[in-house]
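My entries follow the structure.

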Amino acid sequence: MRTQVTIIGGGPSGLLLGQLLHRCGIDAVVLERKTRDYVLGRIRAGVLETGFVTLMEEAGVADRLHREGHVHDGTVIACGGESFRIDFTEHTGTPVVVYGQTEATRDLYDAREASGAQTIFEVDDVVIHDADSDAPYVTYSVNGEPRRIDCDFVAGCDGFHGVSRQTIPLDVRKEYEKLYPFGWLGILSETPPVGNELIYSNSERGFALCSMRNENLSRYYIQCSLSESPDDWTDEAFWEELKRRIPPEVAERLITGPSIEKSIAPLRSFVTEPMRWGRLFLCGDAAHIVPPTGAKGLNTAASDVHYLYHGLRQFYETGETEGIDGYSEKALRRIWKAERFSWWFSSMMHRYPDQSEFDLKMQRSDLDYLRDSAAQQKAFAENYVGLPY
Ligand code: RFL
Ligand code: PHB
C-alpha cells in the first residue's frame, strides 16, 4: 500500500491531523493499535482552547462542538475555605470551551468514516523504517498478517507509550522529565455539576478539581497517593473526601451519585527534543506530557497538529520545506511555555510529601498574589486560554 502521510495513532492528534490533510486533498492512512470503542472509552480532557476549536472548524467537524460545548469565561480558585474567580474573557477577550475529548474524538472518527478515509484498527508490531531517508515506510501486522505502507512522511501521533518517539536514535533524542509524587483519582458521574465554572482547590488535605462535561455529567478529581488503586475508593469515600477539600458552601450544594468511571492518572512533565527526525514528525503526547492541572495536554497536541498540517500543506502545494523544517523548533517553543504553566499551576495547588513550612508559605503567597494582582490574573488567563500559535 502507498499513501502520502502515514499517521501512527488514532487518538485526537492523529485524527485531527488526518482530517485536516484530507480536507486539502492530502492522502493519509491512520494506524490505531486499539478498537474505536476502546479509544472512545478513555475519559480524558475536558477543556478546549480556542485554537483547538478553530482547528476543528478548519477540519469541518465543529458543528456538534458549537451546539453542545459550553463556553466558560472564567474559573474559580479555592484555597483554605475561601475562593476567588479569574475572568478569562475580561483579561484576554477569549473564553475556553468545555467539551469532552471523547466527544471531539467521536466527531473526528465519524467525519473520517463519512469521508471514506482509511483507518486500520488493531494493528500490532508497528515499525517505522528509513525515516531518515526520502522513502520511509511502516510495517505492521493485523491478525498476525504482516503488512507494509510506503509513504512520503510519518506522523508519530501514538501517545506517550507509542513506538514513534523510540524510533529516533538515542544520540539524537534528548528527554526532559519530572515526575510528581502523587496522582489524580478521577470520577465521572451522571449528576449536575456543582458550579457553572471549574473549581481548582488547594486544601490542606490535597488538591481537588470540580469539572464537568454537560448539565448532567460531572467530572471530579482529588489528589491521591501513587500507591492507591481506584478500587481502594468507594464512591462514598470519594465524595466525602472531595467535600472536605472544597469550600464548605460548595460542598453543601454538591449533588453526589454513583460513579460511571473511576481511574487514577499519574502526574508527569515530559518533553522530548527534537520533534522531527528526517521524515518522522512527533505530535502530541508522543513528544510531551504535562500534568493535567492547566488542561494543556490535548491543547498542546492541537498546536503541534496546526504547525505540522501547515508545513505539510506548504510542501505539497509549493514544494517548499520551510514549514516542515521549522516544525520542531516552532512547536517546542510553545510546548515549553505550556510545560512551565502546567508545572507552576500544579506546584501551587498540590500538597507535596516533603513540603516544608517555608514551601507552604511560598505556595500561599503565590495564591495570594494571584488573588490580589490584576497583572498576575491576566498572565494566568493568557496561559489558561492558550498562548497564540
Ligand atoms: P493519545 O490520546 O494517547 O492517542 C494516541 C493513540 O495512539 C495509539 N497507539 C498506537 N497506535 C498504533 N501503533 C502503536 N504502536 C500505538 N501506540 C499507541 C493509542 O491507542 C492511542 O489511541 O495521544 P494524543 O492523540 O497525542 O492526544 C493527547 C491527549 O489524549 C492528552 O494530551 C490529554 O488527554 C491530556 N489531558 C488533558 N488535556 C487537555 O488539554 N485538557 C484537559 O482537561 C486534560 N485533562 C488529560 C486530562 C489527561 C488525563 N489522563 C488520563 C492522562 C485529564 C486526564 C485524567
Ligand atoms: C477535566 O474536565 O477532565 C479536566 C478539566 C480541567 C483540568 C483537567 C481535567 O485542568
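Entry one: the ligand. I looked up the polar contacts (pairs of N or O atoms within 3.5 Å) and noted that a polar backbone atom of Ala295 lies 3.0 Å from an oxygen atom of ligand 1. For a polar backbone atom of Asn299, I recorded 3.1 Å to an oxygen atom of ligand 1. A polar side-chain atom of Glu32 is 2.6 Å from an oxygen atom of ligand 1. I also noted that the protein covers 89% of the 1,000 Å² of accessible area (Shrake-Rupley method, 1.4 Å probe) that ligand 1 has on its own.

Entry two: the source. The model is predicted, and local features need pLDDT of at least 70, side-chain atom pairs pLDDT 80 or more, while totals for chains, interfaces and linings use all residues. Residues are numbered from 1 along each chain, chains are lettered from A and ligands numbered from 1 as written, and side-chain values use heavy atoms, without hydrogens and water.

Which residues come nearest to ligand 1? Of the 32 around it (a heavy atom within 4 Å), I listed Ser13, Glu32, Arg42, Gln101 and Leu298. Helix H10 (a DSSP run of H or I, at least four residues) gives the most to this shell, with 3 residues.

Leaving aside neighbours within four places in sequence, I found Val5 in contact (heavy atoms within 4.5 Å) with residues including Leu21, Ile26, Phe153 and Tyr316.

How values were computed: A polar contact is a pair of N or O atoms within 3.5 Å; within protein, one must be able to donate a hydrogen and the other to accept it, and residues adjacent in sequence count only if both atoms are side-chain atoms. Helices (H or I, at least four residues) and strands (E, at least two) are DSSP runs, numbered from the N terminus.
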